Amino acid sequence: MTLTRTPLALALLSLAPLAHADDATPPQTRTLPGIDVHATTARGYQAADSQLDTFGSFGSAPLHDTPAAITVITRAQIDDRQPRSLSELVRGDAAINDNYAPAGYYQDISIRGFPLDLATGFRFNGMLMSAEQTLALEGKERVEVLKGLGGLEAGVVEPGGLVNYVSKRAADVHTVTAGTDSHGSTYEALDVGTWFTHAFGMRVNAANEKTHSWIDHVDGRRSFVSVAADWKINDDATLLLDTDYQTSAQRSASGYQLLGGTTIPAHASRTQLLGYQPWQRPVGIHASNTSLRFNYRFSDTWNAQVSAGHSHTVINDNVAFAYGCAYAAACADGSPGYFFAPNGDYDVYDFRSPDDTRQNDEVRAVLTGSFATGTVDHELNLGATAFRRTMDQRPYVYDYVGTANIDEREPPVFAPSPNEPGPLARTLTSWQRTLFAIDRIHLGEAWQVLAGARLVRLDETAYDTTGTAERHTRLVRTLPQAAVLWQPVSALTTYVSYGEGLALGRQAPYWTSNGGATLAPLHSRQVEAGAKYALSDALDLQAAVYRIRQPYQFAAPDASAAGFTFVQKGEEVHTGVELNLAGQVTDRLRLTASANAIRARAEQTGVAAYEGHQVINVPRWHTAVYADYSLPFAPGLALLGGWRYVGSNVATPDGRVSVPAYHVFDAGLRYAMTAGGHALTWRLNVDNVFDRFYWRDTGSSGGDRYLFPGMPRLARLSVTYEL
């Protein structure tokens, strides 16, 4: 593995000796300079700030004073839980669920019941990233999740929220980690950083992993490297560079589908690879992400930041895909061809889409400052962004090769398709240009008002495989946001907020009368009321009640030849309440606890059967608790434990089929010791201790619905040594 995809990192590496030469005597005290204009801090399981409230839509304020529900997954939580996928990372927050998250493939999630758009819902140091890549956490200090409407924060984005990956910063750190799991996987990671002078520091993270999956034939590998460089140019100016590169290869596991569109498979296997063919190649993903941020302080009250981001992903998609039953004799009775057959038969397709390239490029400029008009104080954020998203793809191979059955441990071997993908061509060019402003007005000691708006201009063109434009979307919208905050005492902040957002319409499934058509952009609205209470300096409680409205997109039954037409009609209304607790409960107990109750309904759709019940893949009840208890009689030894409960989850639009509710328990140990004067930390985690079978996901992709079983019991062991 090389750093050929990260030339800026090599440039800074070459400058490091020069910076060191300017100051041959190392500083006696190596402390982190004030790199960010608005620094972010975290203590254990508690975080005080986030990037989302630094130069974003809420003004420059700590999390306690932000009128939005934001969860921060700290580095301590990541280290203790050892997640290896997005699905594992976010399961500690009850407002987040999987949404088409197959093993061996890039994954998606939903927040407050709305799936995120992989093109716009994820960020790398605040810059939009192409999220069609497998998760790499080695170079991340924390992961921030904004729950709810992010229209002012991001422009065109799904109403569920945003996920922001924040890089580790330069520090004096020298650690190596090795690990394995109960299936024999191997894992190695390196974290090295230093301050070469009082003004210039770097941080390098690298990892290599060979995965022995719990699913047959789904072993994989990945390699990762990241570089962070911090340069304090002078007392007023700082420059931060972050870049990473990851390559991975692993077979993708197809999900189950309802039998005949109405029945949950009774004896599904968590370890069987549906549709397995010996000629199936792994899905290869090569991804790089880079952000460059320049901060300048004009005075004690005025600051500016200019940022640039680049995210590039190349996917070599290869799947022996288990899907539907259009060619199975068992579907000849009229069973829908886009589900498995009633007897468990399914078709196997040879799907190949090499060189599938997604690229995000963004620049952003933000000015923040404070001033007074008479007795009223103002904090002002003004900014502009330009974002470009491109996709280059080959005409893919998607050919039927045979039919198998879910009860076959090893499906029959079929010959692959003789066809080959076509030449690479541009399939999408999308531009978003925005202007935004937000004013935080202080009305005395107890009251604040936030008012702002983002002007969004979207210009997007989609092309067919010949390069001919087949869709052009152009629109201009103003997205307002407002909030009122009341702080009767310093420990308590309450707020009421209103915001509007814009999301791209989805593409109609192939089996509808307008298959392949992309619907119009969607206008969403959210009202939220919340409270944040500091139970102590190290323990925070958040509560929020929300209501989100967006036009409902669905395949409406009709008299067309296909029997369905994909439409936007009526509204999808999500009303919920969530509670979150994070921090240090006692000197020995750290805790994160989360609960979410949500009522998600389709209304005024014109299809009575689709209303009056929960919508697909939005469990009504969800709780998650993770604890870390240091034993008083065994210095250095801590017990780790977790519990998740997810209520029944709807799997059909008429609400007649649901997967059952489930409980999952996790356990673990952490032991910190010294060896030869160096810190040594052992971590053991056992996920799904009681080996409970459950369906974790009833989400959809491309309009088709899938069922994914949860992970069986899995133990991970790691040791981290400080060099």
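Asp-355 and Arg-394 are joined by a salt bridge in this predicted model, with 2.8 Å between their closest N and O atoms. Asp-355 belongs to strand β18 (residues 345–373), while Arg-394 sits in the loop between β19 (376–393) and β20 (397–405), so the pair ties together parts that are 39 residues apart in sequence. How accessible are the two partners? Asp-355 has a relative accessibility of 27% and therefore counts as partly exposed, since it falls between the limits of 20% and 50%. Arg-394, with a relative accessible area of 25%, is likewise partly exposed.

**Further salt bridges**

The search of the whole structure finds 39 salt bridges. One of them is formed by the side chains of Glu-578 and Lys-147, with an N to O distance of 3.4 Å. This pair links distant parts of the chain: Glu-578 lies in strand β27 (residues 564–584) and Lys-147 in strand β9 (residues 140–147), 431 residues apart. Are these two residues buried or exposed? Both Glu-578 and Lys-147 are buried.

Another salt bridge connects Arg-358 with Asp-356. Arg-358 has a relative accessibility of 10%, which is under 20%, and so it counts as buried. Asp-356 is also buried, at 5% relative accessible area.

| Salt bridge | N to O distance |
|---|---|
| Asp-355 and Arg-394 | 2.8 Å |
| Glu-578 and Lys-147 | 3.4 Å |
| Arg-358 and Asp-356 | 2.7 Å |

Salt bridges can also be joined into a network. Which residues take part in such a network here? Asp-80, Arg-590, Asp-628, Arg-670 and Arg-683 are linked in this way.

Thr-652 is placed in the loop between β31 (649–650) and β32 (658–659). Its relative accessibility is 5%, so Thr-652 counts as buried.

What does the side chain of Thr-652 reach? It makes a polar contact of 2.7 Å with the side chain of Asp-654. The side chain of Thr-652 also reaches the backbone nitrogen of Arg-656, at 3.4 Å. When neighbours within four places in sequence are left aside, Thr-652 is in contact with Leu-258, Gly-261, His-613, Ile-616 and Val-657.

How values were computed. Residues are numbered from 1 along each chain as its sequence is written. This is a predicted model: local features need pLDDT of at least 70, side-chain atom pairs count only at pLDDT 80 or more; totals for chains, interfaces and linings use all residues. Side-chain values use heavy atoms; hydrogens and water are left out. A salt bridge is a side-chain nitrogen of Lys or Arg within 4 Å of a carboxyl oxygen of Asp or Glu. Helices (H or I, at least four residues) and strands (E, at least two) are DSSP runs, numbered from the N terminus. Buried means under 20% relative accessible area, exposed over 50%, partly exposed in between (1.4 Å probe, protein chains only). A polar contact is a pair of N or O atoms within 3.5 Å; within protein, one must be able to donate a hydrogen and the other to accept it, and residues adjacent in sequence count only if both atoms are side-chain atoms. Contact means heavy atoms within 4.5 Å.
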